[in-house]
Amino acid sequence: MNEIKNLNPVEIWRNFHLLMQVPRPSGHLEKIQQFLLDFAKQAGVEAFQDAAGNIIMRKPATPGMEGKKGVILQAHMDMVPQKSPDSKHDFTTDPIEPVIDGEWLRANQTTLGADNGLGVATIMAVMESKDLKHGPVEGLITADEETSMYGATNLPEGELNGDILMNLDSETWGKFVIGSAGGIDFTATLDYQEAETDKTDAAMRVTLKGLRGGHSGLEINEGRANANKLMVRFVREAIEETDARLAEWHGGNMRNAIPFKAEVVLTLPKENVEALKELVADWKAVFEDEYKTIEHNIEFFTEEVPTPEKEVPVEIQDNLINAIYACHNGVVRMIPVYPDVVETSSNLAIIDIESGKAFIKILVRSSREDMKDYIATSLESCFNMAGMKVEMSGSYGGWDPNPDSEVLNLFKKIYKEQNGEEGITQVDHAGLECSIILEKYPHLDVVSLGPTIRSPHTTAERCLIATAAPFWALIKQALLEVGDK
């Protein structure tokens, strides 16, 4: 761990190392909130926690720079808690274990938390610095971005004083994001009366795992397998060919992560167990062939388990499976004027069916409100036909690009001076808090940037170490060159 604190630039890596010691999964932020308040006190800057759980830090301008435009450095404090199936890590109590793997920093069998811990570490570095030159600076560190964007959504109006928002939550160095998708959380539920299981039946747990998973915004266009969508193909045929019945289904655990694992419990006549095992082997071969250039570690296997007393009634089972089979997952279409960027998508993220209750959770994303409504309504129609109750929540709009942004032009100028090449301006399909903050502070000039991070929201999350130094150099110079009010 000491190696991390000594990486370049030490200002950022030292603080990121501190953050790795503090548990901060979404929904469990008390420890990180207190940590940040204690840090600000030690750094000698003003800080407080607002009603939404956000931490605000304020640092006055260095002498002679009081007339500069105020800058808000913004990141989110929570991280996605994903771990490998055999990891015993407890995200509510345990520190993240870092691993330097060549050019990359990753974690030991868990998400790293570089999304968005590196952004928070950058804010900390600015706040504690005694030699940086800058105008008035605020740090806005938001709560529960990964699950609901709660902190940004409930950010009080009139709390921020700045003129420029530098969002530090983008994941490719050298790219400056000036627009992002909006989103909506889709939940379908159904309560049902369980049926008695035939006591002479066997029961088999069928597990699909080892998929890459990934970020449901940034990596939805890469053709990665969705464990729930693969599993439903097998389950449907198992019911038809082996007289299987569905007792349980558990797949995925985060709305904004492509599910890498799903498992079902099926009951079936004992004489059909071998046929089920053969069917699993057949589908494993199909999946490996379909995804041979994308997925390299597919595991698909069975194990016998005690026969449950109850299972899903046939009619309910068939309706649920039909709906899961039919519901859209993946890219709907690309942005016509940015044909390399996804416009609209859906991620069949979580399925939980057990004990008389069915829950299906999907994250819908789009940079167009009409297309967001279209795909959400399509999904609603699909699950309504299965008799499920549908609720939409947490809706947030897209961030409209401003190619004439003053701070964008500043970043690109400095980037070229420091790196000898042109920076890239882009629009992301990932959801960023910028759009929500702009609704309350429409005067802000906003750009998002960050060092290179790959596979966020998965255990393969990693940061390209060498990109942190030029990122920090750019932030420091931009703070120095920000224009006057």
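Asn116 is found in helix α4 (residues 114–128), where helices are DSSP runs of H or I with at least four residues, strands are DSSP runs of E with at least two, and both are numbered from the N terminus. A cis peptide bond joins Asp115 to Asn116, with omega at about 5°. The model is a predicted one, in which local features need pLDDT of at least 70 and side-chain atom pairs count only at pLDDT 80 or more, while totals for chains, interfaces and linings use all residues. Residues are numbered from 1 along each chain as its sequence is written, and side-chain values use heavy atoms, with hydrogens and water left out.

**Backbone exceptions**

Most peptide bonds are trans, and most residues other than glycine have a negative phi. The table lists exceptions of both kinds.

| Site | Backbone value | Location |
|---|---|---|
| Asn8–Pro9 | cis, omega about 5° | Pro9 in the loop between α1 (2–5) and α2 (10–20) |
| Asp115–Asn116 | cis, omega about 5° | Asn116 in α4 (residues 114–128) |
| Asp243 | positive phi, about 55° | loop between α6 (227–242) and β13 (245–251) |

Asp243 is exposed, with a relative accessible area of 51%, whereas His457 is buried at 2%. Here buried means under 20% relative accessible area, exposed over 50% and partly exposed in between, using a 1.4 Å probe and protein chains only.

**Domains**

The chain is divided into domain 1 (4–181 + 399–481) and domain 2 (183–396); these bounds come from an automatic or database domain assignment. Taken over C-alpha atoms, the centres of domain 1 and domain 2 are 34 Å apart. Across the boundary, 22 residues of domain 1 are in contact with 29 residues of domain 2, contact meaning heavy atoms within 4.5 Å.

An unreviewed UniProt entry carries the annotation "domain: Peptidase M20 dimerisation" for residues 207–293. UniProt positions are given in the numbering used here, feature names are shortened, and annotations may be inferred rather than shown by experiment. Over residues 207–293 the chain is 39% helix and 24% strand, with 22 Å between the end C-alpha atoms.

**Thr267**

Strand β15 (residues 262–268) contains Thr267, which counts as buried because its relative accessibility is 0%. The side chains of Thr267 and Glu311 are joined by a polar contact of 2.6 Å. A polar contact is a pair of N or O atoms within 3.5 Å; within protein, one must be able to donate a hydrogen and the other to accept it, and residues adjacent in sequence count only if both atoms are side-chain atoms. Leaving aside neighbours within four places in sequence, the contacts of Thr267 include Thr197, Asp201, Asp243, Arg245 and Pro308.

**Helix α10**

Helix α10 (residues 406–419) has 14 residues and spans 20 Å from its first C-alpha to its last, close to the 20 Å expected at 1.5 Å a residue; the expected span is 1.5 Å times one less than the number of residues. Its buried residues are Val407, Leu408, Leu410, Phe411, Ile414 and Tyr415. They lie on the same side of α10 because they cover an arc of only 160° around the axis, the arc being that of the directions from the helix axis to the C-beta atoms. These buried residues pack against β7 (164–167), β8 (175–180), β22 (424–428), β23 (445–448) and α12 (468–481).

At the start of α10, a side-chain oxygen of Ser405 comes to within 3.4 Å of the backbone nitrogen of Val407. Just after α10, Gly420 takes a positive phi of about 75°.
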